[in-house]
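Subject: Structure handover

Hello,

Here is the structure I said I would pass on. Please open it alongside this message; my notes follow below.

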Amino acid sequence: MYNFLQLGQWDLIGNSTLIVLTNRRSPVKVLRNQEKGTLTLRPSSEAEAAVLREIQTSVPLGEKLHYEGRGGASPNDPVSERMRISFALNGGKFDLLATTDEDEHPVRWTRDAIYFSGGGLTLLGHQEIDGLPVLDFTIAHCKLCNKPIISMGECEWKTCNACKDVCNHEYERGMVHGGSAGIMAVGEFCAKCGRGKPEPEGARKKSQIENELLVQRELGVHVLYANLPLGMGPTDLVQAKRFARRLERARKRNQSADGGKRSSA
Ligand SMILES: [Zn+2]
Ligand SMILES: [Zn+2]
């Protein structure tokens, strides 16, 4: 059973990071405690406390506030609009948003973790501090030990880091991403905890395009580039590069042929 966070544990120690989010009116302080797997929302004004009070009085412990998507997809949007994530609340919505560039990443990590765990914010507990409601949430629970989890890696596999560390890995081949794999690669990962198999020492690092070609060839996943003309993928890019090299060679041959003609004239 989950225990409430104690007041003293709100200090920034260990794996905790303080991030400040706001609803549309005023900032809410959010304490991200990686070790405990909790996001603690603490209001900084009465106006904002009203939102948390509504959650406190109407949402049962253990219930999920479902993720309703994000706003502001463009990096040119003002920062307060760029990373806004919404949650359902009693037929309305509750927003968390980054108001500074610094806050954008923690909000993005929270969004990514929620995206991978396929849910929202689960209310774990609440308490009164200085007459204001302070609420503890998590994103998912470890499928093995039920510990609350908030990081993307843990949420994607619903496995906490402690359970990953003691896993008897069963590796299989498939799509991997993140870390040295970049956006995507073919590699081996554990089917139980999701941890990638370490690369052998001194292995040559493949380029992104090599990885994408392997993903296409081995896994049959068709890779397309969003920043190239519609329907173009790594195979087209390799062909385009080959074609460009061929043109360049032809151009040089023509140049030297022209030069030969001129010198003989
Ligand atoms: Zn666990
Ligand atoms: Zn494993």
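Leucine 61 sits in the loop between α1 (46-58) and β4 (64-71). This is a predicted model, so every value here is computed from predicted coordinates.

- β4 pairs with strand β7 (residues 120-129), antiparallel, over three bridges. Leucine 65 is opposite leucine 121 in β7. Histidine 66 is opposite glycine 120, also in β7.
- β4 also pairs with strand β5 (residues 84-89), again antiparallel and over three bridges. There, glycine 71 faces arginine 84 in β5.
- β7 is joined to strand β8 (residues 132-138) by seven bridges, and the two run antiparallel. Threonine 122 has threonine 138 in β8 as its bridge partner.
- β7 and β8 make a hairpin, with two residues between them. In that turn, aspartate 130 has a positive phi of about 50 degrees.

Two further backbone angles are worth a look. Most residues other than glycine have a negative phi.

- Asparagine 146 is not a glycine, yet its phi is positive, about 70 degrees. It lies in the loop between β9 and β10 (148-149). Asparagine 146 is exposed, with 11 other C-beta atoms within 10 Å.
- Lysine 158 also has a positive phi, near 45 degrees, and is a residue other than glycine. It is placed in the loop between α4 (152-157) and α5 (161-165). Lysine 158 is partly exposed, because 18 other C-beta atoms lie within 10 Å.

Now the interior. In soluble globular proteins, nonpolar side chains tend to be buried together. The largest nonpolar core here has 31 residues. Which of them touch the most other members? They are Val107, Ala113, Leu135, Phe137, Ile139, Ile149 and Cys155. Strand β6 (residues 92-98) gives the most to this core, with four residues. Another core lies apart from it, with five residues, among them Val176, Val186, Phe189 and Val215.

Leaving out residues up to four places away in sequence, cysteine 155 touches Ala113, Phe116, Ser117, Ile139, Ala140 and Ile149.

Last, confidence. The mean pLDDT of the protein is 76, and 78% of its residues reach 70 or more. Where is confidence lowest, and where is it highest? The lowest is strand β1 (residues 16-22), at a mean of 42. The highest is strand β9 (residues 140-141), at 95. Over residues 1-26, pLDDT stays under 50. The model has 56 contacts beyond four places in sequence for that stretch. Where pLDDT is low, the predicted coordinates should not be read in detail.

Best wishes

Note on methods
Residues are numbered from 1 along each chain as its sequence is written. Chains are lettered from A and ligands numbered from 1 in the order in which they are written. This is a predicted model: local features need pLDDT of at least 70, side-chain atom pairs count only at pLDDT 80 or more; totals for chains, interfaces and linings use all residues. A nonpolar core is a set of buried Ala, Val, Leu, Ile, Met, Phe, Trp, Tyr and Cys residues joined through C-beta atoms within 7 Å. A residue is buried if 20 or more other C-beta atoms lie within 10 Å of its own, exposed if 12 or fewer, and partly exposed in between; C-beta atoms are placed from the backbone. Two residues are in contact if their C-beta atoms, placed from the backbone, lie within 7 Å. pLDDT is the predictor's confidence in each residue, from 0 to 100. Two strands pair if DSSP finds at least two bridges between them.
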